[in-house]
Amino acid sequence: MKKILLISSLILLGMLLFMNPTVKEIAAGVAILLFGMIMLEEGFHSFVSGPLQVLLKKSTDKLYKSIGLGFLSTAILQSSSLISVILISFISAGLLELRAGIGIIFGSNIGTTATTWLVSTLGLKIDIAGLAMPMLAFGIVLVLQKPKKLKGIGQILAGLGFFFMGIYFMKNGFDVYKDNINLADFAIPGVLGLLVYTFIGVLITMILQSSSATMALILTALAVGQITYTNSLALSIGANVGTTITAIIGSLGSNTSGKRLAGAHFIFNIVTGLIALVFIGYLGQLVDIISEWVGIAQSNYTFKLSVFHSIFNVLGVIIMIPLINPLINILHRVFKSTDEEDIIEQPQFLDENALAYPQTALLALRNETKRLFEKAAFTIIPHGMNIHRTDLFGEEKIKEVVKKSRKEIEVNIEELYLRKIKTIYSKIIEFTTLAQSRSSVSPELTKQFAQIKLASRNIVEAIKALEEIRKNMNVHLFSENMHIRHEYDLLRQKISKILRELYLLQKSPEPTLHLKNLKKLKSKAEKSDILLDGTLDQLIKESKIPSSVVSSLVNDSHIVALISKKLIEAGELIYISQDTMDLTEVNP
């Protein structure tokens with residue numbers, strides 16, 4: 001069904017592009033906007049662990065802070081659509097939780113009133129789309145740089161530039177429609193007029209991709225008498241609902257988290273719009289009272305429209321704040337993750353109440369670190385070596401398992417690290433630091449807390465090291481040179497043997513035997529350096545491997561030894577209690 005729908009859509013799009021030049025520009029604008037979203041998301045990935053995360057955490061740890069951030073950012077940038085699209089990238093990159101994103105959306109809706117007041121008082125409109133060209137120029141230059149942070153900044157700048165350029169093309173494509181719309185021709189009184197004008201407000205905002213632009217158009221038409229005051233109220237409600245379309249378009253290229261935020265934006269604006277429509281008479285009376293109180297003339301309809309626009313946006317936020325939890329539950333049910341990797345894993349055992357006593361804090365940390373280790377050692381690392389877990393932890397000999405594992409497993413280690421490991425690792429370090437800071441912690445417990453930190457770090461370092469050599473492993477997995485293939489199989493075997501022993505260790509009620517085996521494997525791994533044990537010399541002398549592979553093989557052999565050491569140390573620290581193993585024994 002999906003294939004049929006895709007083919008039908010492509011045929012229809014092709015026909016429209018051929019028949020109507022305007023559609024070409026609109027379609028190009030949508031494509032450029034989506035491409036900008038992809039670049040934004042990639043750019044934000046570079047700053048998941050940087051100061052941006054700290055800033056966001058401090059600015060969004062409370063709901064009122066999130067709302068305030070949304071209000072200020074929208075008031076400054078003059079675009080709630082842009083804020084929504086950027087938020088989707090933040091959520092998708094793991095920089096923000098859904099609750100914080102919803103709070104910013106709430107504040108952003110209030111921030112849209114800044115444009116209304118600016119137009120009604122000064123008649124000005126800030127055109128941030130003009131920033132597109134310099135953003136693209138600087139962004140592309142930075143994207144070409146090697147440092148990851150500079151690349152990230154470049155991707156963000158270029159992404160924003162492409163976003164603005166997309167809006168520019170879409171607006172240009174729809175200019176012919178905007179220029180020919182005469183709102184006075186659609187003057188309709190009563191309930192019918194209310195519904196029709198709300199729909200027109202939605203339609204215009206969908207076309208212009210900006211509720212701020214729509215509000216400017218409504219205010220201008222109202223000022224010259226093209227529309228009635230009552231109809232302008234309905235138009236402003238429609239503009240608020242229509243602005244969600246940009247967020248929905250932006251979410252098309254995002255993961256489930258991004259789609260949930262777009263859904264929250266849509267539900268909030270729909271609910272707010274319905275409330276405003278149902279109580280428009282009472283809100284109109286409230287506008288009259290406030291206008292009289294602050295000295296706005298009864299005939300100054302542009303100012304009164306600005307008051308109305310502010311009131312129903314603030315009212316919508318007040319009504320929706322108590323409904324945030326039910327809203328999040330609904331979004332999780334509607335937008336179910338179809339991909340396990342799409343979920344940012346959170347700690348299960350690090351409860352704040354466990355910090356009351358050092359012993360409970362240590363137990364919580366051990367359980368969470370064990371969980372972290374098993375995610376890495378028993379899932380990510382085997383798949384990173386193109387070996388299935390069921391094979392690795394079965395009865396078959398490791399040599400045979402590696403030999404038959406010739407099919408590349410599609411897995412993104414960096415993405416898995418961000419989704420499955422990073423947040424838990426950060427929380428473990430944070431929780432450990434808080435537990436150690438308590439005055440009642442003994443020197444012995446302090447040592448055990450240090451073990452937790454060390455074990456967690458070893459897990460992360462093992463994953464990062466595997467990411468370095470995965471490309472070479474994948475290339476030589478299918479090498480026609482049997483000697484190269486054999487050497488890389490040996491590297492996979494070394495790690496696989498350790499993983500199997502660790503798996504048996506965590507399953508066994510008597511870990512002594514597996515601990516001895518691990519120590520033997522650790523000693524063997526440290527001594528089996530292909531550069532020093534004569535293997536490489538023999539391969540080169542007999543011309544069994546080309547010189548182009550030598551440096552890669554030497555480097556990868558060293559990295560495998562590092563991975564082996566880190567995995568064994570982490571396993572020892574996690575599975576062997578402090579009563580049977582001393583820290584100095586693990587790290588001589």
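Figure 1. At 11% relative accessibility, arginine 371 counts as buried, because the cut-off for buried is under 20%. This is a predicted model. Arginine 371 makes a salt bridge with glutamate 368. Their closest N and O atoms are 2.6 Å apart. Glutamate 368 is buried too, with a relative accessible area of 0%. Both residues belong to helix H18 (residues 358-384). They are 3 residues apart, so about one helical turn separates them.

**Figure 2. Lysine 404 and aspartate 391 join two helices.** The side chains of lysine 404 and aspartate 391 meet in a salt bridge. The N to O distance is 3.4 Å. Lysine 404 lies in helix H20 (residues 398-404), and aspartate 391 in helix H19 (residues 389-392). The pair therefore ties together parts that are 13 residues apart in sequence. Lysine 404 is partly exposed, at a relative accessible area of 45%.

**Figure 3. A salt-bridge network around Asp391, Glu396 and Lys404.** Salt bridges link Asp391, Glu396 and Lys404 in a network. The contact between lysine 404 and aspartate 391 is a salt bridge of 3.4 Å, N to O.

**Figure 4. Arginine 492 and aspartate 489 in helix H23.** Arginine 492 forms a salt bridge with aspartate 489. The closest N and O atoms are 3.1 Å apart. Both residues sit in helix H23 (residues 482-507). They are 3 residues apart, about one turn of the helix. Arginine 492 is buried, with a relative accessible area of 2%. Aspartate 489 is also buried, at 9%. In total, the structure holds 9 salt bridges.

Definitions and conventions. Residues numbered from 1 in each chain as written. Predicted model: local features only at pLDDT ≥ 70, side-chain atom pairs only at ≥ 80, totals over all residues. Heavy atoms only, no water. Salt bridge = Lys/Arg side-chain N within 4 Å of Asp/Glu carboxyl O. Helix = DSSP H or I, 4+ residues; strand = E, 2+ residues; numbered from the N terminus. Buried < 20%, exposed > 50% of the residue type's maximum accessible area, 1.4 Å probe, protein only.
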